[in-house]
Amino acid sequence: QVQLVESGGGLVQSGESLTISCAASGFTLSNYDMNWYRQAPGKERELVARITDYYSTIHFVDSVKGRFTISRDNAKNAVYLQMNSLKPEDTASYYCNVPNLRNGFLFRDLWGQGTQVSVSS
């Protein structure tokens, strides 16, 4: 089955760190550009990070720049969003996304189910 599964979310205090993962099945995640999004209740979905050019270019939204980093484990077919110095405004459901997954001549915009990150003050 072709899918993305996020995990690692939880409840942390302000200033603490948390790493969430995006694990792929049915395709090799490192071969594709991907995005991390987040969405808080009542707010629009927000792009957090965009990874392009086989992970050579990583863009972070200004609000997380300098605090969040990306790592990967190709053996586990997973990408990790490392979140440091967390703030209450980081509270959201986090989603990984492969916007242009290819299978032959077919393309799809693939999303995971999301993982909840809650940061208390």
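# Chat about a predicted model

Guide: Let's start with a sheet in this predicted model. Four strands form an open sheet in the order 1-3-8-7, with antiparallel pairing.

Visitor: Which are the edge strands there?

Guide: Strand 1 (3-7) and strand 7 (68-73) are the edge strands, and each pairs on one side only.

Visitor: And how much are neighbouring strands of this sheet turned against each other?

Guide: On average by 20°, with direction ignored.

Visitor: What about strand 3 and strand 8, how many bridges do they pair over?

Guide: Six bridges, in the antiparallel sense, between strand 3 (residues 18-25) and strand 8 (residues 78-83).

Visitor: Switching to holes. How many cavities of 30 Å³ or more does the structure hold?

Guide: There is one cavity of 30 Å³ or more. The largest cavity has about 40 Å³ of space.

Visitor: Which residues line the largest cavity?

Guide: Thr28, Leu29, Ser30, Tyr55, Arg72, Asn74, Asn77, Ala78 and Val79 line it.

Visitor: Is Tyr55 buried or exposed?

Guide: Tyr55 has a relative accessible area of 10%, so it is buried.

Visitor: And Tyr54, buried or exposed?

Guide: Tyr54 counts as exposed because its relative accessibility is 60%. Tyr54 is found in the loop between strand 5 and strand 6 (57-60). Tyr54 also has a positive phi, about 55°, although it is not a glycine.

Visitor: OK, pockets. How much space lies in the largest pocket?

Guide: About 190 Å³. The lining of the largest pocket is Asn31, Tyr32, Asp33, Tyr54, Val98, Pro99, Asn100, Arg102 and Phe107, so Tyr54 turns up there, a residue that counts as exposed.

Visitor: Which strand gives the most to that lining?

Guide: Strand 9 does, with four residues.

Visitor: Let's talk aromatics. How many aromatic pairs does the structure hold?

Guide: Three. In one of them, the rings of Tyr37 and Trp111 have their centres 5.0 Å apart and their planes at 45°, so that pair is tilted.

Visitor: Which parts does the pair of Tyr37 and Trp111 tie together?

Guide: Tyr37 lies in strand 4 (residues 34-39) and Trp111 in strand 10 (residues 106-111), so the pair ties together parts 74 residues apart in sequence.

Visitor: Are those two buried or exposed?

Guide: Tyr37 has a relative accessible area of 12%, so it is buried. Trp111 counts as partly exposed, because its relative accessibility is 25%.

Visitor: What other aromatic pair does Trp111 form?

Guide: Trp111 pairs with Tyr95, and that pair is edge-to-face, at 6.5 Å centre to centre and 75° between the planes. Tyr95 lies in strand 9 (residues 92-103) and Trp111 in strand 10, so this pair ties together parts 16 residues apart in sequence. Ring pairs link Tyr37, Tyr95 and Trp111 into a cluster.

Visitor: What lies over the face of Tyr37?

Guide: Arg45 does, at 4.9 Å from the ring centre.

Visitor: Back to strand 4. How many of its residues are buried?

Guide: Five of its six residues, so strand 4 is mostly covered.

Visitor: Which strands does strand 4 pair with?

Guide: Strand 5 (residues 46-52) is one of them, joined to strand 4 by five bridges and running antiparallel. Asn35 has Arg50 in strand 5 as its bridge partner. Strand 9 also pairs with strand 4, over five bridges in the antiparallel sense, and in strand 9 the bridge partner of Arg38 is Tyr94.

Visitor: What's in the hairpin of strand 4 and strand 5?

Guide: There are six residues between the strands, and Gly42 in this hairpin takes a positive phi near 80°.

Visitor: Last one: where is Gly112?

Guide: Gly112 is in the loop between strand 10 and strand 11 (115-120). Gly112 counts as buried, because its relative accessibility is 13%. Gly112 and Ser7 are 105 residues apart along the chain, and their C-alpha atoms are separated by 9.7 Å.

Definitions and conventions. Residues are numbered from 1 along each chain as its sequence is written. This is a predicted model: local features need pLDDT of at least 70, side-chain atom pairs count only at pLDDT 80 or more; totals for chains, interfaces and linings use all residues. Side-chain values use heavy atoms; hydrogens and water are left out. Rings of Phe, Tyr and Trp (its six-membered ring) pair if their centres lie within 6.5 Å; planes under 30 degrees apart count as stacked, over 60 as edge-to-face and the rest as tilted. Helices (H or I, at least four residues) and strands (E, at least two) are DSSP runs, numbered from the N terminus. Buried means under 20% relative accessible area, exposed over 50%, partly exposed in between (1.4 Å probe, protein chains only). A charge sits over a ring if NZ of Lys or CZ of Arg is within 6 Å of the ring centre and within 35 degrees of the ring normal. Two strands pair if DSSP finds at least two bridges between them. Axes are lines fitted to C-alpha atoms, for helices over the stretch in contact, and angles run from 0 to 180 degrees between N-to-C directions. On a 1 Å grid over the protein atoms alone, a cavity is a set of points where a 1.4 Å probe fits but cannot get out, and a pocket is an open set with protein on both sides within 12 Å along at least five of seven lines; lining residues have an atom within 4 Å of a point. Grid points are joined across faces, edges and corners, and a volume is the space filled by probe spheres set on the points.
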